[in-house]
Amino acid sequence: MADLPKDLAANPTLSRWIRVHADGMIDVSVGKVELGQGIVTALAQIAADELGVELATIRMIPAGTDGPDEGFTAGSMSIMDSGSALRMAAASVRARFTAAAGNPIFSYADLAGSVDLDVPAEPDAPLRSQDTAVGNAVGNAVGSDVQRLDLPDKVFGRPRYIHDLRLPGQLFGRVIRPPSRGARLIAVEGLPGSDGITVVRDGSFLGVVGADEATAVRAADDVRKAARWAEHDSLPDEGELDKFLRAGPHETIELADDGTDPPDDRPLRATYSRPFIAHASMAPSCGTAVWTGPGRVDVWSHSQGVHPLGRAIAAALGLDPAGVRVQHVEGAGCYGHNAADDAAFDAVLLARAVPGRPVQVLWSRQDELAWAPFGSAMTADVAATLSPEGKLSSWRYDVYSQGHTARPGYAGVPGLLAATFVENPAAYPAAVDPSAASGYGSTRNALPGYDLPRRRVTGHRLLASPIRSSAMRALGAYLNVFAIESFMDEAALVAGRDPLEFRLAHLSDPRGRRVLTAAARAAGWGRPVPEGVGLGLGYARYKGRGAYCAVVAEVETEADIRVRALTIAVDVGQVVNPDGVRNQIEGGAVQSASWTLTERVRFNRRHVTSDTWETYPILTFSQVPSVAVTIVDSGAEKSVGAGEAAQGPTAGAIGNAVAAAVGVRVRDLPLTTEAVVAAIERGG
Amino acid sequence: MVSIVVNGAPRAIDADPDTPLLYVLRNDLGLMGARFGCGLGLCGACFVQVDGVPVPSCDTPVWSLEGKSVVTIEGLTPHPVQQAFLDEQAAQCGYCVTGIIMSAAALLDRDPRPTAPTVARALDKHLCRCGAQQRMIRAVVKAGERMTAAPETGVAAGGEFDG
């Protein structure tokens, strides 16, 4: 008997996933959530095909704590985990209907009332996706460019986001954050009375609730002015992040140690770094909550994981988890652990002051950029040797980083921002790293995909930090791939070899070779370029076992550093929605270009100062490169996620293209015009 | 009380005159298509047209709108640029899209056949974090081409939408 896919084994009852109605509509519930990545559409395609129905009969139900628990929607695992679970659940449902009909051709509507789905999934149900003879003839959505199911609402401006939620009797809440990290609220003095405004204070957690949103915003400003705080310096020196990250104490993560000393070849070494990076989603985080009775609270959130969020809220307040219900509502784009969960908990705390009334909390842009978790700053040392034949003969890599996950429930704490401010605050230990099985964090992609002898690869995760870091798109892979790919070009230069040829000489994986050569061919690798223009390559297989991605960047360096074009080849295994894959790769590459060229969280010793779009700029329309994506067909290889594959290779390609254009290597991100000019003036 | 025409209908707005238009649209008039993004007019998610000009509604106080005409995405719908966005799947999370469509529609009013660089410049007041900019630029260029095509070969403006 075959094993059930992991998420189906954890939630085996079929009716939790699929419900068939007499009108022929089929409700599909999943534990994965729409984050702007199009996953709900892709999962609908999988369900339709496996059930053997038209896509239009599938109704995707937003995730909630009443539905299957699939943990977090993260790590580019949704197609693999939820897709495989849903496919098997659908196959089981179809098998039960086939049995009831006594015929593989049947009508779901006719049998809806007579087939019991409150039963466990059947591990040996035949998969229609593997043998179309086993079921209805319709259902060929997988592999086609199905349009996103959620986009019409968004393009026509219909209410759809959590921000648009208006429940009966709903009030508006705003939270007043401390003026600096670690500040403690002493008093709120001389507060001007404001009609219909409730001020909520619990320790250093401070907020307001009112019936009118604009009035609540003004009241929050008044309370901010009236609050007195005890403040102290708590943040590291932004100009000395390298030293801060190296100082420790650290957890040591051994990834590879081939146990032999480097040969007596030509030594090469270099150090690369990235700053803290903000999620900077277009919408500030939002949450709504209503206390329906003692110990009972209903929550609406754009969280990546409604079940873990519910458990974390219960833990923070000492409630029975059964009393906390969480419903997912779409928010703006989510690129990792942002402030969605925090905003939900803010709403829970504010709503406690007005039992029975729903309270919607919306963060300010400033709080979103300053108080949401950041992607960690990192620094990496590469030391290698180059043989006389021009091949790498040893490889040593050490990466220093804060942890990359502090999601709700991590390290045995709630992991919710406001829980650390209340009268009896929860601990907020430094972020941890995902397990090896989940693809690591600081050391994600620290092991190069190249054939290298005498490797020693070690991660050093910082065990304490006053700066909150957590998962952001690709986690450590962004810096690790930037460092490895930059170094490959630096080594190729010393060896006097072409960067593409040098990579291929160290890469035996045929799928890796295919994407590299496909991207190079599409970009016209090797063509002559004018003065001041450069081409650069970047390549990685995400997590060492996910999508293969190769990028060629073309940059020009006339006035500013400008990325003109990104030419990308990607292999994600079997493709569920080709245009969805292209969209994810394009978006990932553009976002990575923005991180690589401009982004850096700024702070002084007390607080984050990059808290508007002027102080935390991202690429504008005129600055965004053109992106061309080739999907390399790898036949029946299993599907892997596309959302994070381009982050590292794009950064590597841009860094290498800048070096090719100006003849000088910049190793510290971001590659701003100022940084490149400074490097040229130093003479490289 | 401030008198404003919203999507063609006269409205008497009974709010503190300093209230940003965005809150009035979303909470008093039930028009949710303009989004809150930053509150400082720096991201473009809240754009509406005032007398045909795209402006950020998050930092436009209602007192400044006396006697003016406001068009929101709900009033613009259906517009060919929306269909072009769907054809190109020119969005990921979509939060920035309605503001961008308001600016794109205003651009097409004054320049019916913009080039891609012209579209990019016209949208530089808008941010998109998901990285769908090139698809959006393509969608606006194609919408312009379609709107100016001869009626027998092209799609009449607003002709094929169900809103």
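Which hand, left or right, does the crossing of helix 3 of chain B and helix 6 of chain B have?

## Basis of the model

The model is predicted: local features need pLDDT of at least 70 and side-chain atom pairs count only at pLDDT 80 or more, while totals for chains, interfaces and linings use all residues. Residues are numbered from 1 along each chain as its sequence is written, and chains are lettered from A and ligands numbered from 1 in the order in which they are written.

## Helix packing in chain B

The crossing of helix 3 of chain B and helix 6 of chain B is right-handed (the near helix is turned clockwise from the far one by less than a right angle). Helices are DSSP runs of H or I with at least four residues, and strands are runs of E with at least two, numbered from the N terminus. Helix 3 (residues 80-88) and helix 6 (residues 133-148) of chain B pack at about 130°, their axes 8 Å apart; axes are lines fitted to C-alpha atoms over the stretch in contact, and angles run from 0 to 180 degrees between N-to-C directions. The two helices of chain B are therefore oblique to each other (angles under 35 degrees count as roughly parallel, over 145 as roughly antiparallel, 65 to 115 as roughly perpendicular and the rest as oblique).

## Interface of chains A and B

In all, 43 residues of chain A are in contact with 45 residues of chain B (C-beta atoms, placed from the backbone, within 7 Å). Helix 14 of chain A provides the largest share of the chain A side, eight residues.

How values were computed. Contact = placed C-beta atoms within 7 Å.
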